[in-house]
Amino acid sequence: MTPTDPCGPAPVRILLCDDHAVVRAGLLALLGSAPGIEVVGEAGGGEEAVALAARLRPDVVLMDLQLGPGMDGIEATRRIVADAAAVTEAGAGGHAGGKGAHGPYVLVLTTYDTDADITRAIEAGATGYLLKAERPEELFSAIRAAAEGRTALSPPVAGRVMARMRGAGRPALTERERDILGQLARGLGNREIARALFISEATVKTHLGRIYDKLGVDTRAGAVAVAKEQRLLS
């Protein structure tokens, strides 16, 4: 840990949550070199993160989204934020303002930047959304911003959010793309969709590529999630 000036401001207290031990070790080493930041705990799963956040009351929880079996980062974020709100509503547990009175903020740190992941994280209450490809200085800055309750977004994520805000509502899908999206939501594979719609499997793949581009996703599950969110399915 980096020593802090006893006369200076209190360090930002961090709880790490990532299911990869090597990643956690790397983050511990990295954050240990940052002045004014102190790691007070680490969790390898969502359930553990929720429990440690309630017990340690860090300023910021650095949260991965994909956490292996069990509770994922989205649900863990939702519970941590809900617990913090409950504590604050009950009188902040005797705290007299400053960092800690609000309970922890959640800063997502992930490799995933699809619209569906970003939307779900923000709706769950995440204060910021950072990609693991960012430079260390960007991570330190985002942590400090999150500790103050300020939004921190990686530039690619901010670009996606702004693009969606500037957009004219729902993505402009063709009738055929909507048909394929509907079959996708039923859990059908490419071959089954082709048979159901009397088109070739190659045509299905072409349409799927266009659907992914329009919805800003790269997986079938992501396409269905965004379609449900935007009410594109009849």
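Which residues of helix 10 are buried? They are Gly222, Ala223, Val224, Val226 and Ala227, where buried means under 20% relative accessible area, exposed over 50% and partly exposed in between, with a 1.4 Å probe and protein chains only. These buried residues pack against helix 4 (115-124), helix 7 and helix 9 (201-215).

The structure is a predicted model, in which local features need pLDDT of at least 70, side-chain atom pairs count only at pLDDT 80 or more, and totals for chains, interfaces and linings use all residues. Residues are numbered from 1 along each chain as its sequence is written, and side-chain values use heavy atoms, with hydrogens and water left out.

## Overall composition

The chain contains 10 helices and six strands; these are DSSP runs numbered from the N terminus, helices being H or I with at least four residues and strands E with at least two. Of its 234 residues, 43% count as buried. The accessible surface of the chain comes to about 11,900 Å², and 54% of this belongs to carbon and sulfur atoms; the areas come from the Shrake-Rupley method with a 1.4 Å probe. Contact means heavy atoms within 4.5 Å. Among contacts between residues at least 6 apart in sequence, 65% join residues at least 24 apart.

## Nonpolar cores

A nonpolar core is a set of buried Ala, Val, Leu, Ile, Met, Phe, Trp, Tyr and Cys residues joined through side-chain atoms within 4.5 Å. The largest such core has 21 residues, of which Ile14, Leu31, Leu62, Leu107, Leu139 and Ile143 touch the most other members. At least two residues of this core come from each of strand 1 (12-17), helix 1 (21-32), strand 2 (37-43), strand 3 (60-63), strand 4 (105-110) and helix 5 (136-147). Helix 5 gives the most, with seven residues. Another core lies apart from it and has 20 residues, among them Leu184, Val204, Ile211 and Ala227. In soluble globular proteins, nonpolar side chains tend to be buried together.

Leaving aside neighbours within four places in sequence, Leu107 is in contact with residues including Val60, Leu62, Tyr129, Ala142, Ile143 and Ala152.

## Helix packing

Axes are lines fitted to C-alpha atoms, for helices over the stretch in contact, and angles run from 0 to 180 degrees between N-to-C directions. Helix 1 and helix 5 pack at an angle of about 80°, with their axes 11 Å apart. Helix 1 is therefore roughly perpendicular to helix 5, a term for angles of 65 to 115 degrees, whereas angles under 35 count as roughly parallel, over 145 as roughly antiparallel and the rest as oblique. Leu27, Leu30 and Leu31 of helix 1 meet Pro136, Leu139, Phe140 and Ile143 of helix 5. By class, this contact has seven nonpolar, no polar and no charged residues; Ala, Val, Leu, Ile, Met, Phe, Trp, Tyr, Cys and Pro count as nonpolar, Asp, Glu, Lys and Arg as charged, and the others, Gly among them, as polar.

Helix 7 (residues 175-185) and helix 10 (residues 220-229) pack at about 110°, with their axes 10 Å apart, and are therefore also roughly perpendicular to each other. Leu181, Leu184 and Ala185 of helix 7 make this contact with Arg220, Ala223, Val224 and Ala227 of helix 10. Its residues divide into six nonpolar, no polar and one charged.

## Individual buried positions

| Residue | Location | Relative accessible area |
|---|---|---|
| Asp18 | loop between strand 1 and helix 1 | 2% |
| Val157 | helix 6 (residues 155-166) | 0% |
| His207 | helix 9 | 12% |

Neighbours within four places in sequence are left out of the following contacts. Asp18 touches Val23, Arg24, Ala43, Gly44, Asp64, Leu67 and Lys132. Val157 touches Ile118, Tyr129 and Leu131, and its C-alpha atom is separated by 7.5 Å from that of Ile118, 39 residues apart along the chain. His207 is in contact with Arg176, Glu177 and Ile180.

## Backbone with positive phi

Most residues other than glycine have a negative phi. Arg57, in the loop between helix 2 (46-56) and strand 3, has a positive phi near 50° and is buried, with a relative accessible area of 17%. Phe198, in the loop between helix 8 (190-197) and helix 9, has a positive phi of about 60° and counts as exposed at 78% relative accessibility. Just after helix 10, Arg231 takes a positive phi of about 55°.
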